[in-house]
Amino acid sequence: AFPGAKLRAALADAQTVAFELDPLDPAVQRSLRTAGAGSAKLPAALDEQLRREIQRACIPAQALAGLHPMMQAMTAMMVDAARDGLQVAYVQEFVLAGTAKARNLRTVSLETPERQLAAIIPNDPVQAERFLASTLDQMQSGLGRQVLLRLAAAWERGDLQEIEQYERWCDCVKTADDRAMVKALNDERNPAMAERIDALHREGQRLLVAVGALHMTGPKALPALLQARGFRVERVDFR
């Protein structure tokens with residue numbers, strides 16, 4: 001929960017801290033809480049499978065009422081991850097946002113909640129149900145837990161090569177729909193985030209930007225896109 005020496009130095013030098021979504025922004029929180037309000041009713045079997053995973057995570061069903069089923073499943077997955085020591089309350093976004101607020105630094109979001117949710121929840125109800133079914137199957141089989149732990153371990157080591165090979169070892173990209181989902185979650189969001197980072201720099205702001213590790217690898221990763229815009233990009237080793 002405590003930034004190390006190099007990250008503290010970056011915070012001390014920053015004027016603005018940017019996130020995919022600022023987790024302490026009330027407007028962001030409201031948008032995420034109401035995501036999927038009025039979504040279509042699930043088929044009975046799929047709804048029952050979702051209820052089982054929510055119950056297994058020990059979440060009261062009413063706590064997720066109103067959320068889109070995909071958001072409910074993802075919440076259950078993250079709560080369940082606490083059993084492996086992955087505590088959502090201590091994720092870097094909350095730590096950095098809290099530190100920034102305490103230092104009276106400006107905090108901004110690189111994208112809107114609607115843009116991020118569009119990558120998670122397809123507009124097509126049929127496709128959304130397929131993604132939900134796949135997610136629940138991974139949770140039920142234990143694959144989702146294994147993938148999350150391996151990804152977290154790679155992040156902890158700073159192992160970008162392992163993260164870059166994610167699609168090869170996650171056993172979760174098997175169909176055209178799966179590939180479209182991964183592309184929507186990462187590659188398709190990166191150009192807009194790179195443009196926003198560039199615009200903030202052009203305002204004269206010294207930035208500390210925090211994004212998910214999967215945005216940091218591959219030919220369409222944020223570092224590559226920023227380099228193409230004229231930035232000098234240098235890896236900082238925290239070990």
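Reply: In this predicted model, 16 residues line the second largest pocket, and those nearest its centre are Ser-39, His-68, Ile-121, Pro-122 and Ala-128. Sorted by class, this lining comprises 10 nonpolar, 4 polar and 2 charged residues. Among the contributors, helix H7, which spans residues 125–141, gives the most to the lining, with 4 residues. The space in this second largest pocket comes to about 270 Å³. As to how such space is found, rolling a probe the size of a water molecule over the atoms shows where empty space is left.

Turning to the surface, a nonpolar patch is formed there by Leu-24, Met-78, Val-88 and Phe-94. Together these four residues have about 280 Å² of accessible area. One of them, Met-78, belongs to helix H4, which covers residues 69–81. The relative accessible area of Met-78 is 33%, so Met-78 is classed as partly exposed, because that class lies between the limits of 20% and 50%.

Gly-230 counts as exposed because its relative accessibility is 64%, and the class requires a value over 50%.

Methods:
Residues are numbered from 1 along each chain as its sequence is written. This is a predicted model: local features need pLDDT of at least 70, side-chain atom pairs count only at pLDDT 80 or more; totals for chains, interfaces and linings use all residues. Side-chain values use heavy atoms; hydrogens and water are left out. Patches are made of residues with over 30% relative accessible area and no salt bridge: like charges are joined within 9 Å, nonpolar side chains (Val, Leu, Ile, Met, Phe, Trp, Tyr) within 5 Å. Accessible areas come from the Shrake-Rupley method with a 1.4 Å probe; for residues, only the protein chains shown count as cover. A salt bridge is a side-chain nitrogen of Lys or Arg within 4 Å of a carboxyl oxygen of Asp or Glu. Helices (H or I, at least four residues) and strands (E, at least two) are DSSP runs, numbered from the N terminus. Buried means under 20% relative accessible area, exposed over 50%, partly exposed in between (1.4 Å probe, protein chains only). On a 1 Å grid over the protein atoms alone, a cavity is a set of points where a 1.4 Å probe fits but cannot get out, and a pocket is an open set with protein on both sides within 12 Å along at least five of seven lines; lining residues have an atom within 4 Å of a point. Grid points are joined across faces, edges and corners, and a volume is the space filled by probe spheres set on the points. Ala, Val, Leu, Ile, Met, Phe, Trp, Tyr, Cys and Pro count as nonpolar, Asp, Glu, Lys and Arg as charged, and the others, Gly among them, as polar.
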